[in-house]
Amino acid sequence: MARETEDPGMAKASKVKRQRKKKTKENKTRTVHANLLYDNAKGEENPNRHYANNKIKTTKYTVLSFLPKNLFEQFHRFANVYFVFIALLNFVPVVNAFQPELALAPVVFILSVTAIKDLWEDYRRHRSDKEINHMDCLVYSRAERSYVEKYWKEVRVGDFIRLRCNEILPADVLLLSSSDPDRLCHIETATLDGETNLKQRQVVRSFFDLDCDFDPIKYNSIIECEKPNNDLNRFRGYIIHRSGRRDALYKENLLLRGCTIRNTEEAVGIVIYAGHETKAMLNNNGPRYKRSKLERQMNVDVFWCVIILLVMCLFAAVGHGLWMFQYGDKRPVFDVLSPDGTDLSPIMSAIYLFLTMIIVFQVLIPISLFVSIEIVKICQVYFIHQDMELYDEETDSHLQCRALNITEDLGQMQYIFSDKTGTLTENKMVFRRCTVAGVEYSHDANARRLAMYQEMDSEEEECTSHGGTLPRRDSVTSHQSARVVLRSQSTKSHRRTGSRAEAKRASILSKHTAFSSPMEKDITPDPQLLDKVNECSSQMDFMRFHSQPMSQLPSDLADVIDFFIALTICNTVVVSSPNQPRQKVRVRFELKSPVKTIEDFIKRFTPSRLTSGSNNSSSSSLITNRSSNKGCSSMLSSPSAESTLTKLDEEQPPRDLEHNFGPVLPCYDGKAWNLEEGELRYEAESPDEAALVYAARAYKCSLVGRLPDQVTMELPHLGKLNFELLHTLGFDSTRKRMSVVVRHPLTDQITVYTKGADSVIMDLIKPPDTGKRQKKIVNRTQNYLNLYAADGLRTLCIAKKIMSKEQYACWLQHHLEAETAIQGREELLFESALRLETNLQLLGATGIEDRLQDGVPETIASLRKAGLQIWVLTGDKQETAVNIAYACKLLDPEEEILTLNADSQEACALLLEESLHYIQAKFLCSSTDQAAKAFHSNFTTFEIYPSSSPSSSSSSHTPPFMVHRLGLVIDGRTLAYALDKSLEDKFLAVARSCRSVLCCRSTPLQKSMVVKLVRNKLKVMTLAIGDGANDVSMIQVADVGVGISGQEGMQAVMASDFALPRFRYLQKLLLVHGHWCYSRLANMILYFFYKNAMFVALIFWYQFYCGFSGSAMIDQWYLIFFNLMFSAFPQLITGTLDKDVSAETLQQLPQLYVNGQNSEEYKPYMFWMNMIDAFYQSLVCFFIPYFAYADSDVDLFTWGTPFTTLALFTILVHLGIETKTWTWMNWLSIAFSIALFFTVALCYNASCPTCYSPSNPYWTMQRLLQDPLFYLLCVITPVAALLPRYFYRACQGTLFPSPVQVGRQNILSLSRVKVGSPLSPKPPFLSLAKPSPKGCNIKDQRSFPSSRASQEPVLQMDERGRRSPLGPRDSEKGLSDLCTLVPTEIDTLPYTKDAPPLSGEPWPPSTKDSECLDKTLEVSDVSLSSWITSTPVLAQTDSVQLNLPPDGDSQCAKYTRNSEERLKPDHTIHPAQRTEQAVEQLLHTTL
Amino acid sequence: MMASSYNAKDEDGHITVSGPGGGGTLRGKKPENTAFKQQRLPAWQPILTAGTVLPAFFIIGLIFIPIGIGLYVTSNNIKEFEIDYTGVDMSSPCFNCSQNFSWNSTRPCTCTVPFYLEQPYESNVFMYYGLSNFYQNHRRYVKSRDDSQLNGNVDSLKEPSKECEPYAKHDGKPIAPCGAIANSMFNDTLELFYNDPNGTRVQIPLTNTGIAWWTDKHVKFRNPGGDSSNITASFQGTSKPVNWRKPVYELDTAADNNGFINEDFIVWMRTAALPTFRKLYRIINKTSSMVPTLPRGNYTLEVVYNYPVRSFEGRKRMILSTISWMGGKNPFLGIAYITVGSVCFFLGVVLLIIHHKCGNRSNSADISN
């Protein structure tokens, strides 16, 4: 077209420019030309030749490089080097102990096992590579002038490829053409980020208008873009056309390798990155290697083994020197001269002998230990993976172990750092209540409905948990719920499907349906609000008919309708309906809008188009402001307008969107309504959005369709309205809001709808001086927001702004500039967004509940019982976080809460100081017995264990530190100060003495800093669990990172060591698998050390009888294969399968977890005890045969062979004593071991009469088996050797059993007495529930059935019932205490005694204007009801508030406890004494 | 399908379900509910407490003590006589001979050692020579042999293994048998005479065959050139070990006990385990059931004293012993069994006390807490 007829001069100029540019930023960009241009040229001229081709090779080795490379890698392990060194030492004749070839055997064996494992893995990789490389795709060929099939590996950068629907992208491709009329291409990126929704990609803008098919031959542009990187969400560059015109490229233009094309018949693109340079491959980093704590500990002991080895060798060397010396010059006949006949001096012999002994004793350093540990860990991972209880049927996913070598760390955790949203909570957002224009709609029916779901859930839970496998979900009777049936069907359906692909697809779909469960979809509307909506829309309908301007609408009604419009359209939700072939249109442009150019803007605002904007052609009269367009267009005319103006005349095809003019009857039956409209499916980026859209739909304001440039919504009475979508300013975490700019079809005004966090929106509200009403709305809304937050709801503010065309045009100009900018585009767009989102008008706010995941409180309770410290690090605001914390039993209503909110470094320091003093004063100095008491009831210490000391929860590295009944709440800003070098110690001291810590408003970086701080300073084992991208850094820093494979994509999972489908699985993972893995591995390692020491010591004792000559009575073959073969299997079986305590017991008695935390299975002294035992046993094993054969005619190896047998028996019986669970596999492995030894021995001794020098054991075993003495020895020696250990174990089991042993012994009796005993995990709330006949409760009955009501009967309690847990000291001064904290204004009101303090927060100041009475009435009313519905935050009165006023006028921080109120009244914060402004400020800092 | 195999998640090496029974593909990812995979194999879970291990101790005690007594009695029934003829003392008859430190003294020294047997030896009597302080188990000594040569391999005969160094060659000729073990072979000759009460000295017939392992004599040790009659020719071109007085083919006159298959030689080549050892020298077969093999009375041991042991403070002994099913006289094993059995019994009693005193208390206390 026009581009092709550009004059060549321009192109040249641009080329020169490009080249110059290329020189300057050679390293920053990549330039891609079309390959077609260079097809005829030689390969060297192709500018793309330097780029990686699309052949992928994930294998590490080639056929040639395997051996050297693999060996090189293996020799990175020190142990391997050591063993090779020893093997090579054998080749030195003077020192050799064994046949050199034989000495190589263990090393070669170990190396080859590892090499075979590596080879197999590599081969698997090679096969999948090959498969992938040989997939077909269509590549344009110049010769054929069409697309021809080629293998993936033949694709090169610069090739044009054609993609058809459901094809997988072979490389990163820049989209140049699409069959889609909107020039879009849909891709599914589940393989990249796990997000199952379709993403939209867009044809490069320059090719957007191409009306004919894209012809690669004509393509002659040059693409310049950034170097390959692994950021999936970023792609920047520009395309330079012949004309010299440049167009920017975004990530929306790039199709990533590995994604699947969906819903698009055909797309053509040019390959930008290929093969290993694609973003998918760059993101693909292998598993990480972490070293577990146990392994670190083990390495210390390996080091000790080396020391022992050296000492033994030294001892032998000295002994040999002395032995030589005593003969003097008279060289005895048995002291053979060196091969060349020379005599060796005693000293030289000693030195040689030292080396020889190292070889002989090499077994002491357990060469097979490392391999065995690896094998055991792989088995452990396999078992964890196979655990049915860690399998989530709903998402068809199980636990993934991504790190293979830290399974045992799971058993040693001390601190858990958890994210909140999506981790503790389901991240399933349920719309709970909203406030519009300052009026609250509590949605009680909705709350009731939610409570019903909750019940259903728990019933279902019971069914599955009790019956185990028996009652399948299908068998649950149908009356249960529709949801149950639905779920079972979805699981069934994908089981039936044949191919894996289908199954996967089905699972994605079922996951999708789970994403918006009926619980989230069906919202029962608030009748009051519904009436208003209906009234409003009917009025609007009326006005539209009568051509009245919409501004006549009463402002509160207008707000209502605007509110719902905002809910409906201010999002990126995509509508799809199952009837159509998943036809979805989706906008995901960040800060970018469908208004592409100024021309576009003009085009849209020309009258010809305006009519089509609204579906209702008769309502064109509503469109005003036509004239203003003229001015705008002239102002915004641009040089290249002609090219696009051609489209101006095009008539928009008439849209056959029907609308319903008939009066819609208010329909209160949400379900019936749902059935008829239920076909529409909403797919949202975040669950909040979906929740809001569903909420709006409940009020008949449903989102019907979304196209890149328009949104269609249906309103009652008004029918379908098309909102022209001018811009979508996407949500980002810095702005914390999103906006859409639309043209309102009814008013034709350009309206900005903004939705965002209350903290930011409130600041952007138009200054309150503009209107009293607005001011009132703002104040009231703020109050409700506080209440929502206190209720644990997530709050969002909805605001709007009406722009004049001129304003918009101005903004647009800047915005477009920003969009086309190449440098710093993000920043510019950000600023542009900031300019738009100002002077907003507040419409209302919503409260969304983030439901707790199943079993979270129970899991937290039992993890805490297990001695784990749980910290919650969340980005949520304080109130929400605190309430969720109460709901999930992280905070206890009975415990005090320290809240740290500081405004400056100094303030923070002061606060920490004060808190420390407070803690010390309260707990350490004043009354130690009280503290101890508190501790005991707090921890419900497993009192049947006499050995568990009160300080058992603190690690052995740290001084015993009492954990008090304190909760610490700290906000992000204070945290930032507290994490400062100067304060971190104090912060830790405070935090450590608190039972639970809650960090709100923390950034991802802070999260990781906290974890790092605790990990490094306290030297504890930390586990971080999270589900979102913001948890990645924390997950990576922690010793063990756990990702929740939830709904926020896969980043957390990709970074994690273990990925769980749900939080509650953490309980079994840690308490059961962690415990098992730890105890198994610890026992196995100890056993390994024992085994080797015991075996080696036999030879050591013999040195006393062979002149320390390094001789071994045990045949070298036995010596070398003893570890590798004869004794290898039973310990592996035990290391894999042994269970010291059953899974049920471990879950019932979480206290047993302390065992691993304190490393009780493997303490340093245990190593030494094992060593001593090993030496004792070897003494017995040596001297019994010694004396039995003393002064007999036995020969060396006939005497030595029984040693091997004895040692084998002793070692196996030892293992038997240590084995706690005997399955047939244990028996089999032991039998196999013995059989193997005898078989090998008999074969070996019969095989060759002249080989195997020097032992030459021909027929030795056979003769021994005829000798009764041999059997007698085999019986007595193991018995004598193991007698002490067996006796000790028996005594210990009786006299001072470890907790684990008690758990084993008493589990039966415990289960009998469990009920009511202190061992049973019992919710502390239960006993507090008392039915209350008080009036206030009856009045608020409608708000009672909150979702949490069924869990927490505490909600039902009246004043007295609520106070009862606080003990007698509080009961008598209860009311006055409460009142003192409540600000004075409210104090005066008669009912404020029921208005509880918001976790000790100063009450937001109510205005003192004329509406005071009215307002306070309302406030208190709301607070009353909120108290009833809210979480126990309000029930706790023991709260310590540490607040430093932001103005810093008071020098000391004030802390106060409600119960001590009367004693220190001065310390109470009375916000009334402050200026309103100051309190407002305080609010902002504390929130 | 490709998508899943391409999946970045799968590629990064985490363990995919690769265990036995890959039925996972059919049934989604749900793990199989088998006892093994769910770690619920039927198991025996012994709990080690005083109460549970009590029986084991008593049973061990009750089994071991009788065995021990039996062994002790058996051992005591074995008759054994031992006489040291090293000649360390001036008074000793072999004192003179023992002064000779050389291996190759030309003049053979003979001494006569009288002794008295207090008990008659009824059954076959085994005659041992015993050496003390002789470290036949020294590492380099043990290695210093060539089994291949001893097995009659002609190549090894001509070219002994380097293990035999420095006793592989002498004057350029290969040594047969090579190595330090062979070189230091015990070469005293012991003869036993019964001094009849009537004054006559009766030489007791000593059998020199059947003292080595059958497998050694017939499998491991072979003369070069097979069983050819001319053994001297087979060893042509070899040198005798340095310390030997006569070459290997002159060890005995009998063809089936000469050369490498000489039983004295074979016995010597089986290196002893401990520095104090005995080796079977001769067997005195019981001739008739009426007369004891060695009647009570005076005996004379005539020793051709060749073997120098003074250089390493060694001792030489002659031992006469009968034998039982459990070998030679050694009361240790019996005592050990009795001791271990008693200890077990005692510990059993201790555990019984513990069990009664503490076992019940602690268990009930645990629960009541």
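This is a predicted model: local features need pLDDT of at least 70, side-chain atom pairs count only at pLDDT 80 or more; totals for chains, interfaces and linings use all residues.
## A buried aspartate and its annotated neighbours

You can find Asp1027(A) in the loop that runs between strand S33 (1022-1026) and helix H33 (1032-1037) of chain A.

Asp1027(A) also carries a label from a record. In an unreviewed UniProt entry, the annotation "binding site" covers Asp419(A), Thr421(A), Asp1027(A) and Asp1031(A). These residues span 613 residues in sequence, yet no two of their C-alpha atoms are more than 10.5 Å apart, so they gather at one spot. Thr421(A) sits in a loop as well, between strand S17 (415-418) and strand S18 (425-436) of chain A. With a relative accessible area of 11%, Thr421(A) is buried.

Val300(A), Phe303(A), Trp304(A), Ile307(A), Val311(A) and Trp1168(A) together make a nonpolar surface patch of about 530 Å². Which helix gives the largest share of the nonpolar patch? Helix H7 (residues 293-327) of chain A does, with five residues.

Trp304(A) is one of the patch residues and lies in helix H7 of chain A. Its relative accessible area is 34%, so Trp304(A) counts as partly exposed. Trp1168(A), another member of the patch, is partly exposed too, at 32% relative accessibility.

## Aromatic pairs

Over all chains, the count comes to 89 aromatic pairs. One of them joins Trp304(A) and Trp1168(A): their ring centres are 5.1 Å apart and their planes stand at 75 degrees, so the pair is edge-to-face. Trp304(A) lies in helix H7 and Trp1168(A) in helix H40 (residues 1164-1188), both of chain A, so this pair ties together parts that are 864 residues apart in sequence.

Phe1100(A) and Phe1104(A) form an edge-to-face aromatic pair as well, with 5.7 Å from centre to centre and 85 degrees between the planes.

How values were computed
Residues are numbered from 1 along each chain as its sequence is written. Chains are lettered from A and ligands numbered from 1 in the order in which they are written. Side-chain values use heavy atoms; hydrogens and water are left out. Patches are made of residues with over 30% relative accessible area and no salt bridge: like charges are joined within 9 Å, nonpolar side chains (Val, Leu, Ile, Met, Phe, Trp, Tyr) within 5 Å. Accessible areas come from the Shrake-Rupley method with a 1.4 Å probe; for residues, only the protein chains shown count as cover. A salt bridge is a side-chain nitrogen of Lys or Arg within 4 Å of a carboxyl oxygen of Asp or Glu. Helices (H or I, at least four residues) and strands (E, at least two) are DSSP runs, numbered from the N terminus. Buried means under 20% relative accessible area, exposed over 50%, partly exposed in between (1.4 Å probe, protein chains only). UniProt positions are given in the numbering used here, feature names are shortened, and annotations may be inferred rather than shown by experiment. Rings of Phe, Tyr and Trp (its six-membered ring) pair if their centres lie within 6.5 Å; planes under 30 degrees apart count as stacked, over 60 as edge-to-face and the rest as tilted.
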